[in-house]
Amino acid sequence: MHFFIIATRHGLILAFLCVIIVLIVINFLSQYSPVFQIDRTIARHKSHQFNKQLLLSQIHNVNIVKSDLVNVFHSTDDIDENKRKHCEVVHVGVVCSGYKSNLYFHTMLKSFYFHSNNPIHFHIMANKISKKVLKTLFDTWAVPQVTVTFYNISEYVADVRWVPNGHYSGIYGLLKLLFPKVVPVAVTNKIIVLDTDLTFVGNIYELWREFDKFEKKQAVGLVENQSEYYLGKFFSSPWPAVGKGFNTGIILYYIDRLKNLDWEKLWIRNAKKTASIFGATRLADQDIMNSVIKQDPNIVYRVHCAWNVQLSDHTQSQECYQKYPIKVVHWNSPKKFNVINPDGEYFRTLYRTFLDLNGDLLKRQLFNCEPNSKNVTEPPIDVCSDFRKASFQKWRTLLFFREYSYAPVKDDVTILVQLSFDRLQLVEELCKYWEGPVSLTFYVTDTELQQTINFIESSDVLKDRSDIAFHAVFKSGDSYPINELRNVGLRQITTPYVFLADADFLTMHDLYSNLKDYISTFSSMYKKALIVPAFESQRYRTSLPKNKKELLQMLNNKSVYTFRYDVWPMGHSPVNYQKWKTASTPYKVKWQPDFEPYIVVRANVTEYDRRFLGFGWNKVSHVMELEAQGYDFIVLPNAFIIHKPHAPSHDIGKFRHSSIYRMCLQNLKEEFVEQLSRKYGRFFDNKNVSLAIGS
């Protein structure tokens, strides 16, 4: 009996402790989900939103998505009507100017494409650099049924520069007012103008159909502003507005109606008058738009709040998204994605979903809208298809994903490097030793790009360097497109000369200034390739020689060797290292088969052959083509680089262990040599060109 009482007492104590633990856990979790306690409506909405992420896995199989959509319809009429809707072109306007704006736009596009099926015609007002970045992005992304027209910002800046404006976006925040003037009515009568800091959670075509609901006098569609800014709660004397005013993160323009209203004169006249009373705008085009609507409220069509859920610092947008499913999230706080909001983590999770999403999964075409299109016959797949496909394959490319600002000097040289994400740690040391401009092209996934940006922004060596051009080529397929990566960087070189290098090398001290000095001694660099001799250390931790004297000492004590002397001597032996040891002036050497030195050439040098993927002959083929063009190869006596040891790459493993890989590479090599002979009339003997291990 006594034992039973003790056991019962212990059981009660244990049960009591369990209840306390459960209550503690519930209280802890409640700190991170306030909305789920406060309002069940938004809890159901959030569940609905995240269920959409299940579509991410479905995108991997486009055929399943297509069949699911088509099977919804049961008759030919239904299918034709559905196809008509999905083939209506949606016109979208964007102002994009600046490096951050390009990044925002890339992420917005992923959310946009994810939810859209219609043909899209983008009208983009961009400056010179953004046009280059975005044109390359659209061309290489190659999403079906997407058309892009660019408009040069410099041609329109004068139209808005006079406006007194205090918004952080500067004059670019005013340019959205010009789309009715810029876009010809003959191209489109309607356009939806978007900010770049949006995340789409709905189909843009649903918003496009809102034009059908406009009354005759309505020419502009806007969502009401979701704060009390225009009620004077945060700043005294805001520009005038109707009630809470309207937000211009998304604008629906009926172009011909605005032209009938003489839109340009209307907003200019109103802006001048209002500015004379209230001073500079604080919210750029939004203040001007609201001032015009205040004068004539009949021109505005009220778009549903869900199409512009605003996350400003003082937002009241919860009044919308607690009741209705979100269509578009607008990060319109100056803090952008760090805005303080009760549901901020949910919205950031939504944003990060698209930030990390593989954009190549969105290259799908659910409805064929071309009237006379034919089915494209894919080339037959064989064991060497990767190499053959590389000649025409497109890799999605995002140029200059960090700010690049550099003014070249006389005889200037950029070091050109490409690398995969796993070599990221090499970048800091490379940039410590090379004091001049750098071109870095990364081969990354979308997630790895964000990690790369975070690494750069936290690096004391890299974060303040504006002379480093950072480019991203996104992973697609199993092979490493090494020569295409080199070409991407090469096309963006702004200096007259380029040093063609690799990421796993460190340069001697003052190599940058030495190379400029050498270049200045030549009357012309036409068809000249200056060779920087390569050495290697087989120790993971070793000090770098400061000059040639120290290097020669390290060669003597065997802490440094000539590069790949033991596995691939023909790659660098034509440098004549024995002569180099005592040389004090540059000297010419003859090209030999399989020669692959690291060279300085004019920036307009011929591009690399993009068919060479991964490991094997990618650099040899380029030097061989320079030989066919009649280049002189000149060794520099007081210049060197040192290779740092690292784990073997995945591609060298394929080369070593796959006989099929080596066979395909051999076939490509023979094809390349034959083409070279025909192109330049220079005979190369295949039998004297090996494939042992050259890169």
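Tutor: A residue is called buried at under 20% relative accessible area, exposed at over 50%, and partly exposed in between, using a 1.4 Å probe and protein chains only. Cys431, for example, has a relative accessible area of 3%, so it is buried. This is a predicted model, in which local features need pLDDT of at least 70 and side-chain atom pairs count only at pLDDT 80 or more, while totals for chains, interfaces and linings use all residues. Residues are numbered from 1 along each chain as its sequence is written, and side-chain values use heavy atoms, with hydrogens and water left out.

Student: Which residues touch the most other members in the largest nonpolar core?

Tutor: In soluble globular proteins, nonpolar side chains tend to be buried together. A nonpolar core is a set of buried Ala, Val, Leu, Ile, Met, Phe, Trp, Tyr and Cys residues joined through side-chain atoms within 4.5 Å. The largest one here has 154 residues, and Phe105, Phe122, Leu194, Phe401, Leu440 and Phe499 touch the most other members. Helix H7 (residues 99-115) gives this core its largest share, eight residues. Helices (H or I, at least four residues) and strands (E, at least two) are DSSP runs, numbered from the N terminus. At least three residues of the core come from each of domain 1 (89-362) and domain 2 (390-680), with bounds from an automatic or database domain assignment. A second, separate core has 38 residues, including Val95 and Ile255.

Student: What is Leu440 in contact with, leaving aside its neighbours within four places in sequence?

Tutor: Contact means heavy atoms within 4.5 Å. On that basis Leu440 is in contact with Val417, Leu419, Val427, Leu430, Ile468, Ala469, Phe470 and His471.

Student: Which cysteines does a disulfide join?

Tutor: A disulfide is a covalent bond between the sulfur atoms of two cysteines. The rule used here is a pair of cysteine sulfur atoms within 2.5 Å, and the count comes to one. Cys305 is joined to Cys320, S to S 2.0 Å. The link of Cys305 and Cys320 is right-handed, with 85° about the S-S bond. Cys305 lies in the loop between strand S8 (300-303) and strand S9 (309-310), and Cys320 in helix H14 (residues 318-321), 15 residues apart. Cys320 counts as buried because its relative accessibility is 5%.

Student: Which strands does S22 pair with, and in which direction, parallel or antiparallel?

Tutor: Two strands pair if DSSP finds at least two bridges between them. Strand S17 (residues 528-532) runs parallel to strand S22 (residues 632-635), with four bridges; there Ala529 stands opposite Phe633. Strand S20 (residues 587-589) runs antiparallel to S22, with three bridges, and Tyr587 has Val635 as its bridge partner.

Student: What does the side chain of Thr140 reach?

Tutor: Look for polar contacts: pairs of N or O atoms within 3.5 Å, where within protein one must be able to donate a hydrogen and the other to accept it, and residues adjacent in sequence count only if both atoms are side-chain atoms. Thr140 is in helix H8 (residues 128-141). Its side chain reaches the backbone oxygen of Leu137 at 3.3 Å and the backbone nitrogen of Thr397 at 3.0 Å.

Student: Why is helix H23 described as largely enclosed?

Tutor: Eleven of the eleven residues of H23 (residues 618-628) are buried, so the rest of the structure largely encloses this helix. Those buried residues pack against helix H19 (482-490), strand S15 (497-500), strand S21 (598-602), S22 and helix H25 (659-680). Gly630, which follows H23, has a positive phi, near 90°.
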